[in-house]
Amino acid sequence: RHQAKPQRFFVHARGLPFAAMHVATVAMLALLLLQAAAAATDMNGERRCGASDEVGQPQVSSRPLVDAPIRPHFDGRSANPVSMALGRGWLGEKITETASPAARTYTLVKMEAKAKSMGAVCLDGTPGAFYISKAPEQERKKQQWVIHLQGGGWCYDEPTCYNRSMFKGGSSSYAIPKQTAAGLGLNGMMSDNCTVNPTFCNFNLVMGWSCDGASFAGNREDPVAYKPANYTMYFRGRRILDAMLDTLISDFGLGDAREVLFGGDSAGGLGAYQHANYVQNRLKKCSWSSWSPMKFKVAPGSGFFLFHGNVQERNVWPDQMYNIYYLSNWTISGNACLDAYTPQSKWLCLFPQILYNYIEPPIFVMNSAIDLYQTANTLAAEPIIGFPGEGSSQISFWSGYNSSAAPGWKTCSGGCAQIELCSQSNIDHMNAYMDNFEQVLVKPSTFRKRGNGAFIYGCYNHDAELSSLNYGVYKVKGVSMQVALSRWWNSRLEDASKHSYLESGRYSYPAAVTDANPTCNSWFDGVSS
């Protein structure tokens, strides 16, 4: 798997005619190019990077699972109008980069052929899909890419996955052929507006369509029959990921990439942790130049979900994820975490706090320490009635199932959270969760590994990295998320402490939006008006 380093040849000028030396130099360069080309080519003459490694875990017993609801993202759709009028960014800084002249088009690619040849299909059997927006013409030679896995929660057992398959979270039927970044909810770090996102706005931008209910990790060969509805479901998210990479390499030039930022939001962010090593290894097989290797980094957003009990110390969300792991044949490849655990415990590798220890490429963690989604679906969740497999299908997918169902949490957590209505008990639990989140994050040596970094904010939000407002406004240690991500991206294996920003603030009672961090804002964080 590792490319052999080309041998070094030294040609001495003394005693060697100039013409001969020139020929020798050309021959040496040709040999190096042939060696690099051979390293990227298999015995059949095909680019190794063009074919997926179908490496899966052995099929395990089919225990079922449940879905966390797709929550609407709160997105600032445009930059600060006053700053934009002055040609400045969110914080008044002067923008020197060339702004995108107009919103770019995202083109939908439905992988019909891959659906047939690889079984790369959504829950409902429709073809896996992705969106791509090519870099502006003048920027394409740079071969810079952002590959983003869409979020949208999970499903956990047959009934909830059946419910999910009826909506966009389980089907590509709802994917519109032409879209804009704003139309897809891709603002902030995925925005093509160079005022909002000066570092990545001119990259090739890709979004994998989330429709497997398992963070692009399901790899189950046999379909699952949901008998009450006489319905068949497919768990093939990992094949969708492979098909997307294959297609991007063969049809769009990803194999020639010089720089790749790999990430995702929410459930897609969890997928980025899962597949970071695998995607890096696949793409680096394409790199033709061993002396100028591809720059590959990972920046998951709002995907560091804790293995954590609810307020009654019941493992509600972890049990649901245990169920989807077995039902979907959740597959992780190229990660040493799997070797560190017994067969009965390998499922723990789906949790970022475990998997984080084994991630190889440089990684930048972006997350709220008191994530709005985790509060509702982990801390304040209650067991689903009839779970797994019985009764839960009668509960609407959009109701949130068991989200915020714990007594006393209805007005404090969830999509309509009003943080000012949180009780003293709510606030105590939330502050303890923030403490635990940061303790879990900083414990592994990965947190201190050179080249890594983190931006952990205290605002009561979810997916803030995809909000054009919060991406530019949130600050930790006086540095915004946008600036922190940009500095880390442009750095070269610097000490992790230079790129680590941890929230120190906590909430008081009665709570206010800005208690933990004065840059949190009343438009999106714990909204009360």
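**Labels and the values behind them**

Modeller: S302 sits in the loop between β9 (295-301) and α7. Keep in mind that this is a predicted model.

Biologist: Why is S302 called buried?

Modeller: Buried means under 20% relative accessible area. S302 has a relative accessible area of 0%, so S302 counts as buried.

Biologist: What makes the phi of S302 worth a remark?

Modeller: The phi of S302 is positive, about 50°, and S302 is not a glycine. Most residues other than glycine have a negative phi.

Biologist: Which loop holds Q143, and what is the phi of Q143?

Modeller: Q143 is in the loop between β2 and β3. Its phi is positive too, near 55°, and Q143 is a residue other than glycine.

Biologist: Where is K134 in the chain, and what does K134 touch?

Modeller: K134 lies in the loop between β2 (129-133) and β3 (144-149). Beyond four places in sequence, K134 is in contact with R104, R140, N204 and F252. K134 and F203 are 69 residues apart in sequence, yet 7.5 Å apart in space, C-alpha to C-alpha.

Biologist: Now S266. Why does S266 count as buried?

Modeller: The relative accessible area of S266 is 4%, and the cut-off is under 20%, so S266 is buried. S266 is in the loop between β8 (259-265) and α6 (267-284).

Biologist: How do you know that S266 makes a polar contact with H462?

Modeller: The side chains of S266 and H462 are paired at 2.9 Å. The limit for such a pair of N or O atoms is within 3.5 Å, and 2.9 Å meets that limit. S266 also has contacts beyond four places in sequence, including G151, G152, S302 and D463.

Biologist: Why is α10 called roughly perpendicular to α11?

Modeller: The two helices pack at an angle of about 105°, with their axes 12 Å apart. The perpendicular class covers 65 to 115 degrees, so α10 is roughly perpendicular to α11.

Biologist: Which residues meet there?

Modeller: Q374, T378 and L379 in α10 meet H429, M430, Y433 and F437 in α11. The residues of this contact divide into 4 nonpolar, 3 polar and no charged.

Biologist: On to N402. Why is N402 called buried?

Modeller: N402 has 6% relative accessibility, under the 20% cut-off, so N402 counts as buried. N402 is in the loop between α10 and α11. Among the residues that N402 touches are V316, Q320, A380 and P383.

Biologist: What does pLDDT say about the chain?

Modeller: The average pLDDT is 82, and 76% of the residues score at least 70. Over residues 1-48 the pLDDT is below 50, and this stretch has 35 contacts beyond near neighbours in sequence. Residues 55-100 also stay under 50, with 143 contacts beyond four places in sequence. Where pLDDT is low, the predicted coordinates should not be read in detail.

Note on methods:
Residues numbered from 1 in each chain as written. Predicted model: local features only at pLDDT ≥ 70, side-chain atom pairs only at ≥ 80, totals over all residues. Heavy atoms only, no water. Axes fitted to C-alpha atoms, helices over the stretch in contact; angles between N-to-C directions. Helix = DSSP H or I, 4+ residues; strand = E, 2+ residues; numbered from the N terminus. Parallel < 35°, antiparallel > 145°, perpendicular 65-115°, else oblique. Contact = heavy atoms within 4.5 Å. Nonpolar A, V, L, I, M, F, W, Y, C, P; charged D, E, K, R; others polar. pLDDT = per-residue confidence, 0-100. Buried < 20%, exposed > 50% of the residue type's maximum accessible area, 1.4 Å probe, protein only. Polar contact = N/O pair within 3.5 Å; in protein donor to acceptor, adjacent residues only side chain to side chain.
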